[in-house]
Structures are given as C-alpha cells and as structure tokens.
Amino acid sequence: MAYPLPVANVRLKNLTKQFDGVTAVDGVDLDVADREFMILLGPSGCGKSTLLRMIAGLEDPTEGEVYIGETMVNDVLPKDRDVAMVFQSYALYPHKTVQANIEFPLKVRKVDKVERAKSALAAAESLGLGEYMSRKPGALSGGQRQRVALARAIVRKPAVFCMDEPLSNLDAKLRGETRAELIALHQRLESTFIYVTHDQVEAMTMGNRIAVMSRGKIEQVGTPQDVYDRPASVFIAQFVGTPPMNILPAGSIETGKHLVGVRPEHVHISPEGSLAMTVTLVEQLGHELLVTGRVGERRVVVRQPAHSVVPEIGAEVRIVADAADLHRFDPVTELRIDI
Amino acid sequence: MRQRRWRDSGLAVLMLGPSIVILGWFVVYPLVKAMILGTQRCSPSGSCPVHGGLQQYVDAFTSTQFQDALIVTIKYALITVPIGVVLGLALAVLADKYIRGIGIFRTIFSSTVATSVAVSSVMWFFLLNPNVGVLADLLGGVFKTPGLLQGKGTALWAVSASSIWANLGFTFIVITAGLQSVPKDLYESAYVDGANGLGRFTNVTLPLISPVLLFVTVVLTARAFESFAEVDLLTQGGPKGSTTTLTYLAYGRGLPTSSDDGLRATVSVLVFFVLLILALVQFRGLEKRVHYGN
C-alpha cells in the first residue's frame with residue numbers, strides 16, 4: 001500500500017538539547033535522505049531517543065534546527081509535521097478497540113467515519129490484523145500490539161516514521177520476525193524511517209545507513225557494512241559487532257604507540273602465530289566456537305569454525321591476524337587512523 | 001492426606017482468628033445488635049419494652065420524616081458529589097504539571113484532608129454567620145439577611161459548601177494519584193496523532209482514571225448519606241427540616257427519634273440498606289464506563 005508522498009528528507013543542523021544544564025544531544029548534524037531507513041544506534045543515555053523526540057516535535061531543541069523537506073519545523077506542532085511515532089511501549093489506548101486505536105489519528109483529524117473505517121481496515125489488513133479489529137489491546141499478544149501501533153502509524157500516511165526501540169519488548173524469536181516485517185513495510189510504503197535502537201543486530205540488518213551516537217554526539221554515519229568494516233573510533237569498533245573488536249597496544253603486533261583493533265573472526269589460532277594467548281574461556285555455540293583468552297593484560301576473543309579443535313582452559317595457544325584486517329586508532333583520541 | 005487437610009484447616013482458623021474476632025466484635029455484632037434494636041421502641045430511660053418487629057422498619061421507611069430526610073439527603077448528595085468530583089478533578093489536573101513551586105499548591109489543595117469535619121464546620125460557621133461572618137460582612141444581601149445558614153432555600157447549599165470544601169483534599173489526593181498512573185507515552189502518542197488538550201483529556205485522561213473517579217463517587221456518596229457533624233454544627237437540621245439528613249434524623253437533637261434508641265436504630269439500619277443499594281447501583285451503572293486496565 002505505497003502511497004504518493006511528499007519529499008521527506010530530514011535535516012538536522014547543530015541540534016542541541018540540554019535538560020537542566022545536562023547536555024543530552026550535543027550539536028548534531030545529520031541528513032536523512034527521502035525514503036531512507038536511518039538507524040540511530042547507541043547505548044542507553046547516548047541521546048538517541050531525545051534526538052528522535054526532537055524530530056517528532058515532542059522536545060524543543062535548546063539550539064539548532066530541524067528540517068523536514070524544505071521546511072524548518074522547530075515551531076511546528078507535531079501533528080503538523082507529517083510525522084508518526086511508534087513508541088517502545090506501543091502507547092496503545094487500553095480502553096479502545098484495535099479499530100478505534102488505529103482510527104484515532106484520523107478521528108482527531110475529523111476524517112469522515114466511513115472513510116476512516118476503510119483506511120483503518122486497510123492498514124490493519126496490511127499487517128495481518130484484520131480479524132482482531134474488535135479486540136482491546138489487553139487481549140492481544142506483544143507482537144500483535146506492536147503491529148497495532150504500526151497500523152496506527154501508517155493509517156494517516158505520514159511522510160516520516162519515527163520509531164523508538166519498537167522491538168525491545170518482544171522476545172527474541174518475534175523480534176527476528178518483526179524485523180523482517182519492518183524491512184518489508186519500509187519497502188512497501190516507500191517513506192522515510194528513522195529508527196532508534198541499542199541493538200546492533202537491528203541496526204545492521206534493517207538500516208540503509210546507521211548513525212552511531214555516543215554521549216550526545218554522532219560519531220559515525222555510514223552503511224552498516226561501512227560502519228562494521230571501518231569503525232571511526234574505538235567506541236564504535238567495540239559497540240558494533242558481537243563479540244566486540246579486540247583492542248591491543250600496537251607494540252605487541254607492530255611498531256608504533258597507537259592502538260590496534262582486530263575483529264574476532266580475523267584472529268586465528270595457529271602454531272605459527274606471533275602472539276601467545278592464555279585460554280580462559282571456551283564457548284561452543286553450535287555454529288561457531290568462541291575462544292577467550294588473555295594477551296598480557298588485554299582480553300582477546302577468537303572466533304573459530306564450529307568443529308575446530310577445542311583448546312584446554314589455561315592452555316597457551318599462538319594467535320595470528322592478517323595485516324590487512326587490522327584497524328588502527330589514536331591512543332589519546334581513540335579515533336581511527338588511516339595509514 | 002485427610003489428616004494434613006485437617007492440620008491446614010486448624011492453621012487457617014488460627015491465622016484468621018484475630019481478624020474474625022475483631023470484625024465479629026466491632027462490625028458484625030453491632031450490626032446484628034442494631035438490627036434487633038431497630039425492631040423495638042425504647043423509652044428515654046433506655047428500656048425497650050415494645051417489640052414492633054419488622055413492621056417497625058416499614059413504618060419508619062414510609063413515615064413523612066424519613067421520606068423528607070431521604071429527599072434532603074438525595075439533594076445533598078446530588079449537590080456535593082458532582083461538584084466535589086469536578087472540583088477535585090479540576091484541581092488535580094491543574095496541579096499535575098511539572099512547574100516550579102507546584103508542590104506548594106498540591107499541599108494547599110490537599111490540606112483539607114487533615115482538617116476534621118468539626119473544625120471545617122466551625123470555620124464555615126464563622127464565615128457564614130450573619131452577625132459575625134466574614135462573607136456576610138463582605139457580600140451582604142442574602143448572606144446578611146437572613147444569612148445562608150438561616151434561609152430555607154440556602155441552608156442546604158451552605159452545608160454542602162462546607163462538606164465539599166472538607167472533602168476536597170481527599171478527592172484531590174486520590175485523583176492526583178490516578179493521574180500520575182497514566183502512562184506519559186499515551187499523552188505523547190495522542191499529541192503526535194493530532195489530539196489537542198481537550199482531546200487528550202477526553203481520550204486519555206478520563207478513561208484511564210475512570211476507576212478512580214468511580215471510587216471517589218462512591219465514597220463521596222456514602223459520605224453524603226452519612227453526613228452528620230456539619231449538619232449538627234451548622235444548622236441542627238433546620239431551618240424547618242431543610243437540612244435534616246437521614247443520619248441527622250438518626251442521631252440529631254430535638255427530633256421525634258431523639259429520645260427513642262429503638263427508632264434511631266431503625267433509621268440507621270435503613271440508611272445502611274439505602275447506601276448498600278446505592279453503591280450496588282453505582283457500581284453496576286458506572287462500571288460499564290470504567291476501564292480497569294489490561
């Protein structure tokens with residue numbers, strides 16, 4: 001049910017938000033292209049939800065500007081921004097039926113009763129909710145409630161969808177399924193999605209691009225693969241990827257005083273390895289084997305194929321990594337160094 | 001298995017014992033005693049020689065005094081309950097804002113909960129008294145002659161004002177607690193969806209605090225039917241019975257019931273049943289409109 005949409009790129013200029021002197025968002029510049037699926041990724045308290053709420057109009061920026069299309073919307077009410085918001089808690093009205101919940105944005109816009117029933121049914125059916133229209137949210141499962149929240153967002157055909165961790169209340173299996181549904185929904189609706197999450201799997205699998213945030217600032221914007229392959233800082237290198245990137249002082253691997261990073265899948269256990277690692281933990285995950293050990297004071301994780309030889313705890317193994325797979329970071333600023 | 005069940009029953013009786021004794025002694029026994037006393041006629045000396053049986057309840061209920069007092073009490077409830085709920089709700093909504101210094105207003109609004117009915121009635125007596133009252137001096141007119149408490153058409157309203165004021169703290173606190181339990185996400189969602197202030201109030205606030213509003217309505221109604229102290233202190237049921245509520249009929253001074261403990265018990269038991277029926281009607285009628293969450 002794609003529908004003709006206005007061009008809805010979102011542009012943030014020097015956006016800052018302070019709460020009682022505490023800076024939650026610090027001078028953020030970001031361009032979200034029309035019909036892009038942009039992920040705001042970061043740990044709890046990094047300011048990503050506050051940033052999203054400023055785009056939706058739920059928070060006023062302390063400084064800076066928000067543009068939707070060509071319009072500066074700082075002083076525009078949320079209802080007039082052509083933005084829909086999906087909340088982590090779903091924020092469904094518990095006393096209203098599924099139909100009344102989905103119809104609500106149209107009802108407050110005084111859309112004709114017949115017309116809004118038709119639109120609500122279409123939105124509900126597109127998400128497989130057609131048979132639940134007369135139920136109340138309390139009688140639905142977590143996944144169904146989540147879909148009602150989505151239906152309520154799509155029913156008024158907004159140009160921009162703001163989603164604040166909409167999958168975090170679902171169990172792992174349902175989260176995986178709903179992730180795929182959201183990607184399909186984005187392709188079907190062809191509208192702009194801005195999606196906040198702290199879950200890197202969601203970020204990697206759903207977004208056209210990821211903006212990684214830390215302490216109120218955006219540290220890197222890029223495609224998921226770009227962020228994974230060329231992390232801009234030690235923080236991103238360790239935040240994106242499971243297990244996180246191993247970080248070691250350069251001296252143990254190559255000359256220099258910088259920090260060297262290497263992904264667990266790029267480290268191999270080999271008798272010819274140049275580094276000695278004492279094994280402290282072995283995790284057999286079925287599809288792979290994670291070997292954790294210590295190199296000096298640093299913790300190192302090695303990702304091995306499933307049926308590799310399982311080393312003994314306490315054993316000393318030799319490890320090696322290809323020079324092409326190494327990442328280098330400044331030891332003070334912890335930013336990426338490209339040599 | 002059987003032995004174990006017996007042992008568990010013994011333990012259950014032991015655990016419930018204190019509650020059974022306390023409730024039995026202070027609730028069940030007085031109620032039964034009052035019901036029995038209500039079938040008797042007593043002399044001022046306290047002896048109750050005449051047994052009217054259940055007919056005494058029928059006679060009392062159909063008597064002019066009881067019917068008049070019932071009408072006065074219903075009027076009193078119809079004035080105090082809606083105004084009390086609306087005022088409490090309005091103050092709670094006003095104070096449910098994150099504004100600097102709002103705590104002072106919350107304290108002021110809830111302060112009447114710590115004021116006894118006697119104190120608030122005396123205060124209102126001095127506000128409304130035609131000779132020494134502040135309002136009588138300030139406003140004159142009907143406030144001065146004959147005075148709100150002395151006018152047949154105004155006395156019930158004056159007593160109601162005192163009662164509404166005294167109950168406002170309770171209503172305010174309970175509704176404020178209800179408002180604070182409404183998830184903020186729902187307001188934000190409605191705001192983004194385009195609902196204005198009134199839309200958010202009618203679509204989010206009212207439905208979600210409806211259980212609290214039902215509770216407050218039932219409690220205020222019960223209080224209206226039980227009101228005695230304010231009537232006794234402000235008007236003694238007058239002028240000409242215009243403020244003689246059911247409870248005042250049961251306990252008040254200078255009435256046909258005053259010297260007969262049997263008749264007082266009859267009226268009290270009738271008030272109990274009137275209240276019971278009223279509470280059931282309120283629950284059944286309003287519950288359909290109340291949402292108790294998931």
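Biologist: In which helix is Ala151(A) found?

Modeller: Ala151(A) lies in helix 4 (residues 142–154) of chain A. Helices (H or I, at least four residues) and strands (E, at least two) are DSSP runs, numbered from the N terminus. The model is predicted: local features need pLDDT of at least 70 and side-chain atom pairs count only at pLDDT 80 or more, while totals for chains, interfaces and linings use all residues. Residues are numbered from 1 along each chain as its sequence is written, and chains are lettered from A and ligands numbered from 1 in the order in which they are written.

Biologist: Why does Ala151(A) count as buried?

Modeller: A residue is buried if 20 or more other C-beta atoms lie within 10 Å of its own, exposed if 12 or fewer, and partly exposed in between, with C-beta atoms placed from the backbone. Ala151(A) has 25 C-beta neighbours inside 10 Å, and therefore it counts as buried.

Biologist: With which residues is Ala151(A) in contact, leaving aside its neighbours within four places in sequence?

Modeller: They are Ile102(A), Ala123(A), Ala124(A), Leu127(A) and Leu129(A); contact requires that the C-beta atoms of two residues, placed from the backbone, lie within 7 Å. As for Glu103(A), its C-alpha is 9.2 Å from that of Ala151(A), at a separation of 48 residues in sequence.

Biologist: What makes strand 7 and strand 8 of chain A a pair?

Modeller: Two strands pair if DSSP finds at least two bridges between them. Strand 7 (residues 160–164) and strand 8 (residues 192–197) of chain A have five bridges, in the parallel sense. Within strand 8 of chain A, Phe193(A) is the bridge partner of Phe161(A).

Biologist: Why are strand 6 and strand 10 of chain A said to stand at the edges?

Modeller: The open sheet is formed by six strands of chain A in the order 6-7-8-3-9-10, with mixed pairing. Strand 6 (83–86) and strand 10 (217–222) of chain A each have a single partner strand, so one side of each is left without a neighbour in the sheet.

Biologist: How do you know that strand 1 of chain A pairs with strand 2 of chain A?

Modeller: Seven bridges join strand 1 to strand 2 (residues 22–32) of chain A, and the two run antiparallel. Gln18(A) stands opposite Thr23(A) of strand 2. These strands form a hairpin with two residues between them, and Asp20(A) in the turn has a positive phi of about 50°. Strand 1 (residues 10–19) of chain A also pairs with strand 4 (residues 63–68) of chain A, antiparallel, over five bridges; there Thr16(A) has Glu63(A) as its bridge partner.

Biologist: What makes up the side of chain B that touches chain A, by class?

Modeller: In total, 17 residues of chain B are in contact with 19 residues of chain A. Helix 8 (184–193) and helix 9 (197–208) of chain B each supply at least two residues of that side, and the largest share, seven residues, comes from helix 8 of chain B. By class there are seven nonpolar, seven polar and three charged residues; here Ala, Val, Leu, Ile, Met, Phe, Trp, Tyr, Cys and Pro count as nonpolar, Asp, Glu, Lys and Arg as charged, and the others, Gly among them, as polar.

Biologist: How many helices and strands has chain B?

Modeller: Chain B has 13 helices and two strands. Of its 294 residues, 33% are buried.
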